[in-house]
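Colleague: I would like to go through this model with you. Could we begin with the helix packing and then move on to other features?

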Amino acid sequence: MHIPSVILGIAIVVLVLLDAFETIVLPRRIRKEFRLSRVFYRRTWEPWRTIAGKIKAPGRRENFLGYFGPLSLIFLLAVWACGLILGFTLLQYGAGDHLQLNGREVTFYALIYHSGETFFTLGYGDIVPTSSLARFLSVLEAGMGFGFLGTVIGYLPTIYSSFSRREIEISMLDERAGSPSTASELLARVGKLGQQDVLDSVFRDWERWAAQVLESHLSYPALSFFRSQHNNQSWLGALTTLLDASALVIAGVDGLRSDQAKLTFAIARHAVVDLSQVVNARYDPNFPDRLPEAQMTQLRQTLKERGVVLREGPAFEQKLAHLRSMYEPYAQSIARNLFITLPPWIHDEKRKDNWQAGPWDRIIQARGLAVLGQKVNPIAEIDDHF
């Protein structure tokens with residue numbers, strides 16, 4: 001018996017099983033200095049993000065980044081499977097005798113093959129364990145492989161179900177807060193004087209959405225790397241818009257109460273703080289100001305023109321600055337780590353919502369104007385939000 005091989009094999013099997021259990025089965029996040037899946041994502045995401053940074057076209061860059069989340073799941077499962085196969089190979093090498101059908105010597109590389117066919121329950125029978133311990137290990141590995149594959153089959157639908165629930169609400173934000181979403185647009189559309197119930201209803205819905213994002217992304221951290229289905233939307237962008245809008249209402253909007261906004265701000269802030277730890281974000285005091293004084297003046301004026309009046313004075317400014325300091329550093333750190341563009345507080349110019357843009361719109365418009373005798377160039381840049 002080769003004791004070092006047995007010890008190393010046991011260590012690898014336990015490490016992989018524990019990591020897979022904590023990632024797939026255990027519905028909570030475990031903090032550990034060394035965790036296989038954590039190391040895997042750090043070592044794969046960094047080069048992927050570096051390559052993405054060299055792609056100049058925003059659409060192509062988003063498409064490239066969008067591959068990482070699903071591919072990472074496949075490769076992580078492959079890493080776990082290879083780890084278990086290697087661990088049982090070391091156990092078989094250190095603890096048992098084997099025979100090969102044609103009488104050749106069973107080498108370590110042959111045992112890797114034997115471990116692989118046992119794990120995936122192929123059962124060719126060309127390598128046969130002869131000792132009791134080796135037979136026990138073969139049965140154990142076959143059962144573990146069967147259970148592993150079954151768990152994986154259940155894991156992937158759960159991930160995509162959580163992703164689907166997240167994206168439904170993000171898509172619905174388009175008609176409420178624009179594309180990309182902004183706090184100014186959200187308040188202008190649903191925060192006018194006399195629309196308290198409408199605003200509270202929106203905040204209540206997004207309070208629940210923020211809690212769902214917090215729960216799902218803590219349970220399945222890989223979801224953080226899944227990109228939204230439109231290039232100008234993201235889970236972090238929606239969360240930041242929600243925090244921006246609720247912060248403005250809490251700081252003070254004439255005619256609006258802030259009770260529901262405070263509840264929404266609390267859970268959204270909880271989500272952004274906890275998820276910054278999930279993606280291993282780092283604080284940077286040199287992040288640019290998302291709301292400089294000139295833009296704040298523009299925000300105040302634009303909202304006033306659309307029926308939403310922000311309060312004035314030092315009390316408003318100090319309260320808003322305090323609220324922003326509670327979440328903006330976390331959101332900006334996550335955005336830099338995941339290569340996500342945070343939404344502005346207000347757009348410099350009017351933009352179409354995603355529902356208003358389509359690849360045939362300009363041609364249809366040109367045809368309609370041609371009927372009226374007006375000339376228009378139908379060959380123009382198409383609004384592309386995919």
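Colleague: At what angle do helix α10 and helix α12 pack, and how far apart are their axes?

Modeller: Please bear in mind that this is a predicted model. Helix α10, residues 259-278, packs against helix α12, residues 314-338, at an angle of about 35 degrees. Their axes are 9 Å apart.

Colleague: Is the crossing of α10 and α12 left-handed or right-handed?

Modeller: The crossing of these two helices is left-handed.

Colleague: Which residues meet there?

Modeller: From α10, the residues are Phe265, Arg269, Val272, Val273, Leu275 and Ser276. They meet Leu323, Met326, Tyr327, Tyr330, Ala331 and Ile334 of α12. By class, the contact has 10 nonpolar residues, one polar and one charged.

Colleague: Turning to pockets, how much space lies in the largest pocket?

Modeller: The largest pocket holds about 830 Å³ of space. Its lining consists of 36 residues, and those nearest the centre are Pro180, Asn231, Asn232, Gln233 and Arg351.

Colleague: Which elements give two or more residues to that lining?

Modeller: Those elements are α3 (58-95) and α9 (235-252). The largest share comes from α3, with four residues.

Colleague: And what is the lining like by class?

Modeller: It has 13 nonpolar, 14 polar and nine charged residues.

Colleague: You mentioned Pro180; where does it lie, and what kind of peptide bond joins it to Ser179?

Modeller: Pro180 is in the loop between α6 (174-177) and α7 (183-190). The bond between Ser179 and Pro180 is cis, with omega at about -10 degrees. In general, most peptide bonds are trans.

Colleague: What about the phi of Thr121?

Modeller: Thr121 has a positive phi of about 55 degrees, although it is not a glycine. Thr121 is found in the loop between α4 (108-119) and β2 (127-129).

Colleague: Finally, how many salt bridges are there?

Modeller: The count is 12 salt bridges. One of them joins the side chains of Arg311 and Asp254, at 3.6 Å from N to O.

Colleague: Where in the chain are Arg311 and Asp254?

Modeller: Arg311 is in the loop between α11 (293-305) and α12, whereas Asp254 is in the loop between α9 and α10. This pair links distant parts of the chain, 57 residues apart.

Notes:
Residues are numbered from 1 along each chain as its sequence is written. This is a predicted model: local features need pLDDT of at least 70, side-chain atom pairs count only at pLDDT 80 or more; totals for chains, interfaces and linings use all residues. Side-chain values use heavy atoms; hydrogens and water are left out. Axes are lines fitted to C-alpha atoms, for helices over the stretch in contact, and angles run from 0 to 180 degrees between N-to-C directions. A crossing is left-handed if the near helix is turned anticlockwise from the far one by less than a right angle, and right-handed if clockwise. Contact means heavy atoms within 4.5 Å. Ala, Val, Leu, Ile, Met, Phe, Trp, Tyr, Cys and Pro count as nonpolar, Asp, Glu, Lys and Arg as charged, and the others, Gly among them, as polar. On a 1 Å grid over the protein atoms alone, a cavity is a set of points where a 1.4 Å probe fits but cannot get out, and a pocket is an open set with protein on both sides within 12 Å along at least five of seven lines; lining residues have an atom within 4 Å of a point. Grid points are joined across faces, edges and corners, and a volume is the space filled by probe spheres set on the points. A salt bridge is a side-chain nitrogen of Lys or Arg within 4 Å of a carboxyl oxygen of Asp or Glu.
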